[in-house]
Amino acid sequence: MTAHSRQPGPHSPGSADLPRVGIPDELARRMSMPEQHAYLRAKLSRRGALRTGAATVGTVAGAGLLAGSANAGPRPVAAAHTPATERVDGSFVAPFGRHLAFGADPKTQMRISWQVPFAVRRPYVRIGVEPWRLSRKIEAEVRDLHTPALSDKLPTVRQFYLHAALDGLRPGTTYYYGVGHDGFDPTDPSRLSTIGSFRTAPARPEEFVFTAFGDQGVSYDALANDQLILGQNPSFHLHAGDLCYADTTGHGEESDVYDARVWDQFLAQTESVAARVPWMVTTGNHDMEAWYSPNGYGGQLARWTLPDNGPDPREAPGVYSFTYGNVGVVALDANDVSYEITANLGYTGGRQTAWLDRRLGELRRSPGIDFVVVFFHHCAYSTTSAHASDGGVRDAWVPLFEKHQVDLVINGHNHVYERTDALRGGVVAKEVPIGESVDSARDGIVYVTAGGAGKALYSFPVPDSYEGHVRDRDHVRTYHWVKGAEKAEKAEKAEKSEEDVEWSRVRFTGFSFVAVSVSAGARPRMRVTTLAESGERVDHFEITRSRRHGRA
């Protein structure tokens, strides 16, 4: 994501590109996502930009064309049915952009999502335990997303996203699936190349790998990272926000412009991995798109089906948890607590943080869980010149991570790789050089910034330091974001507070991702490896957990 600046730059549309909907800049800076949404809807409706004046809520019942809602509540704005789509022969409409996600229970639940360029009749998924026998058929839900022309350079866009919920699956089982609709049968001999597969989580803990990064976008480097990830054979992938950059500015302001077509490019790009590896996402600042209600996340609700066990699944789709083997994973939406970009600051009214406290406690008390991993967008600890650290994350969540002895925290936001020593109370509890082992219960938490997934890279105020190129620094002069001036109970702007830190252990300015190999048994461990786009290893360390320290 780009640096937080209100000036046009190489990745920010200039004033000629901004939507002419008339919110004064000084007003837009104080508007939350719902306020921006209401203003845009009212203004564009008066200009006749919409075909309909209100959102349409409905579900696909297996007959006829679309109408569908996201999983609930206020849904993305939908256009009226376009008669021309009725004349499109389904045999000429090929599904694309397949992506998987776990349900709340990865042992028995999988969600399959995909896209079609036109409305289709009776979409479905066929699944089976053999690729030549897809005997079970599940009807799909259609979520129709309408985006008006938000600037003179963007067209009106209508998109069709399809979703099927698979429940009652067997643990540790490989399933094969095909997506289709009237006129397109994935079991037809001419369509067999479209058959995909996935594997459910095991009934009992066993060794596995998961991967992670943030800030991908659509680019050659993003695609190259995907292919390296596929080579790790991961059981799932974590994407820590700023997914496709349809919104290139990410300021959380009315002047942000987002091109909905970029989402199609992104989903097509990631399909080679996400069609077989559950792609578990959360939201970054570039994923807030004010046109879509609620809270700028209506587009997310249309495009993704994620576990619905968070505090507000209809309002905060990027907040949820799941367990895989002996690891509990928690996804958070840091837009709720960020001091840097405040459009959604406090939008859950504290419910996300209260849920986090409860959920971490539940996971730590669970006898089958050895490790707890938390991922979200804005960094608790980073030293880049672009965004550095967010004091809102530190204030709201770091105390809870320490209270419940979280083992690993993964962030994006800063387009680099950076890794801390083991921290407690914001200071180094144990140095963790490359190749070192850390006992998270005894030594503290390691924080990883994995924002080198594909967008333009940032820089550090000091030299890089990574495997084969170690340049340790005792101190790094950096800053963190703090609350700005308050007015009408809302921070109008962020402010920086400079600090000298000792915890920046590994720094790499390059495209990269994180792979975590997890083992169970008497001595459970997580081996964390960071690979550059070239395949070169730039960092590795190990996290263990002493039984004698028990659980929080």
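View 1. Take Phe376 and Trp397: their rings sit edge-to-face, 5.2 Å centre to centre with 80° between the planes. The partners are 21 residues apart, with Phe376 in the loop between S14 and S15 and Trp397 in the loop between helix H7 (391-396) and helix H8 (398-403). Helices (H or I, at least four residues) and strands (E, at least two) are DSSP runs numbered from the N terminus. Phe376 is buried, at 0% relative accessible area, and Trp397 is buried at 0% too; buried means under 20% relative accessible area, exposed over 50%, and partly exposed in between (1.4 Å probe, protein chains only). Elsewhere, ring pairs tie Phe102, Phe208, Phe210, Phe236, Phe322 and Tyr324 into a cluster.

**View 2. Leu332 in the largest nonpolar core.** A nonpolar core is a set of buried Ala, Val, Leu, Ile, Met, Phe, Trp, Tyr and Cys residues joined through side-chain atoms within 4.5 Å. The largest one has 130 residues, and Leu238, Leu332, Phe401 and Leu408 touch the most other members. Apart from it lies another core of 5 residues, including Tyr339 and Trp481. Back at Leu332, contacts (heavy atoms within 4.5 Å) beyond four places away in sequence include Trp355, Val374, Phe376, Trp397 and Phe401.

**View 3. Charges over rings.** Here a charge sits over a ring if NZ of Lys or CZ of Arg is within 6 Å of the ring centre and within 35 degrees of the ring normal. Lys137 does this over the face of Tyr124, 4.2 Å from the ring centre. Arg419 puts its charged end over the ring of Phe541, at 4.5 Å from the centre.

View 4. The peptide bond from Ser293 to Pro294 is cis, with omega near 0°. Asn295 is buried, at 7% relative accessibility. Ala388, also not a glycine, has a positive phi of about 50°. Its loop runs between strand S14 (371-375) and strand S15 (389-390), and Ala388 is buried at 1% relative accessibility.

**Notes.** Residues are numbered from 1 along each chain as its sequence is written, and side-chain values use heavy atoms, leaving out hydrogens and water. In this predicted model, local features need pLDDT of at least 70 and side-chain atom pairs count only at pLDDT 80 or more, while totals for chains, interfaces and linings use all residues.

Terms used
Rings of Phe, Tyr and Trp (its six-membered ring) pair if their centres lie within 6.5 Å; planes under 30 degrees apart count as stacked, over 60 as edge-to-face and the rest as tilted.
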